[in-house]
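This report covers a chain interface and a set of aromatic ring pairs. The structure comes first.

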2 protein chains.
Amino acid sequence: MTPGDTNSAPDRPTGRGRIDKRRAILDAAIRVFAREGYVQAGLDAIAAEAGVAKPTIYNHFGGKENLFREAVLEATQRSSAKTLAALEGFPTPQPDDLRTELEGVATRLVECFRDENSWALQRLLYAETVRFPAVFDDWRATGPAKVSDALAGRLARLANSGRLSIAEPDRAAGQFLALIADGMPMLSALGTRPIDDEALHEAVTSGVETFLKAFSPRDAEDQEEQEKQDEASGRSAGAGRRPRSRSAASPRH
Amino acid sequence: MTPGDTNSAPDRPTGRGRIDKRRAILDAAIRVFAREGYVQAGLDAIAAEAGVAKPTIYNHFGGKENLFREAVLEATQRSSAKTLAALEGFPTPQPDDLRTELEGVATRLVECFRDENSWALQRLLYAETVRFPAVFDDWRATGPAKVSDALAGRLARLANSGRLSIAEPDRAAGQFLALIADGMPMLSALGTRPIDDEALHEAVTSGVETFLKAFSPRDAEDQEEQEKQDEASGRSAGAGRRPRSRSAASPRH
DNA sequence: ATCGAGTTGAACTGACGAGTTCAATCCTTT
DNA sequence: AAAGGATTGAACTCGTCAGTTCAACTCGAT
């Protein structure tokens, strides 16, 4: 109406100065999207939460879809960076106790996974991957793929120094993550309830325990012969079981 | 409270009016909800797909929320029954080859998990657990909890007959499922793309391999001493590591 | 044939959201 | 101080959807 009543509040949170409107919008967007879901989230709500007018959103991003894409990408990068940081310093150059070493990194990783933002991101992806396949691809590439890769490299170091017996570091990394984190969705109700710390710690240590039982070097000569494990022979489903390597069914040979 | 109360046959068992509109509505509902998500799914679309008028939906279920609850519950029961059926006949009374046995049941389980309905259900739960916490609880109780329990019991049989060395069957069941199925979300892009059969089979056999390496009985006397694994003593990180079993740093020889 | 419960199509209400427009306003630059 | 671009608030269009109402209809039961 008349300009006599403009700015009823003398304090303006971020003022009208354009500091980082863009950042503010992205922050608010990922929060609202996470809370309401893509369809339910309203641009008015995002604008309000960002302390920004609705047209400003259209100035920076072209519309809802693009805003969603950029917000998810931003959140993915932030989450991924945090998780990769949890891998820093693992493994210790000459770890005294391998179990402690693994439990340490596992705990740090799980601490990342239990983060509210991480869960929100995952719920959004499950909900919207059908609508936004490209968003899922970006997420996989800059999130889990990087983490799994980095972990594989570090496990490979331990294997190389003889502390672990790992033929395929990539697979071992995936299995390590599966063992320590697979129970979390149930423990936290897909991230919607606080996790019981005791139960989580039990799950993590138990996962590390199983990982160690599976990948601890058992015999000295095992280490040498696991370099070659190619799959030159076809692996048709109906074919009989090949002896493979020193795998498991015959520890004494 | 038991579900077998009224209509279940295509004939009208009681003085009910028409054919089983109710079933048709539930079928269409879960399909549309799975395809569009809860918010986006329209009751008009569900009515059309069920071959039913919109008011009929309100006659049977009171509104959208209740329809969603009942549709998800129905889908959960169907999916759970299928998965439990995959556990039938495992383990074979006297399995020749434990690896084949485990790979068999793992393959059957994974075949259930890759089902389109199973994925749709999971995506819906991730998307709507915030809005419908009770739905998640029902799903967990009649779905994963049952499956994990049943698997634990069957693994316990194998442990009891000395084929496996398992201290905590429940945890082992969870870890078995994690090892064989944790890679599926990535392989299938959360169920939105067909899985590469080769890659899936590799993941399953590799998971079974790791499981066997971890839980194959190694020494005879081990079996006895792992019954008591209480945590009476505090498990502070800095404390000396208890010898536990033959786990890692002591290659017998 | 009649009754009546269940079903149907259609139209309607009320609410909400995406996207747009525009004059007024703020901040920075010159 | 003046210019000029970014930002703002508010109102508006257009479409969708949950939920409701109602007269007409179907079909089995009596």
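Buried area is the accessible area (1.4 Å probe) that two parts lose on being put together, summed over both. By that definition, chain A and chain B bury about 5200 Å² between them, 53% of it on carbon and sulfur atoms.

The model is predicted: local features need pLDDT of at least 70 and side-chain atom pairs count only at pLDDT 80 or more, while totals for chains, interfaces and linings use all residues. Residues are numbered from 1 along each chain as its sequence is written, chains are lettered from A and ligands numbered from 1 in the order in which they are written, and side-chain values use heavy atoms, with hydrogens and water left out.

Contact (heavy atoms within 4.5 Å) joins 54 residues of chain A with 57 residues of chain B. The interface holds 4 salt bridges, each a side-chain nitrogen of Lys or Arg within 4 Å of a carboxyl oxygen of Asp or Glu. A salt bridge joins A:Glu202 and B:Arg171 at 3.8 Å, N to O.

Rings of Phe, Tyr and Trp (its six-membered ring) pair if their centres lie within 6.5 Å; planes under 30 degrees apart count as stacked, over 60 as edge-to-face and the rest as tilted. The whole structure has 17 aromatic pairs over all chains, among them these:

| Pair | Centre distance | Plane angle | Class |
|---|---|---|---|
| A:Tyr126 and B:Tyr126 | 3.7 Å | 5 degrees | stacked |
| B:Phe176 and B:Phe211 | 4.9 Å | 75 degrees | edge-to-face |

Both A:Tyr126 and B:Tyr126 are buried, meaning under 20% relative accessible area, with exposed over 50% and partly exposed in between (1.4 Å probe, protein chains only). B:Phe176 is buried at 0% relative accessibility, and B:Phe211 is buried at 0% as well.
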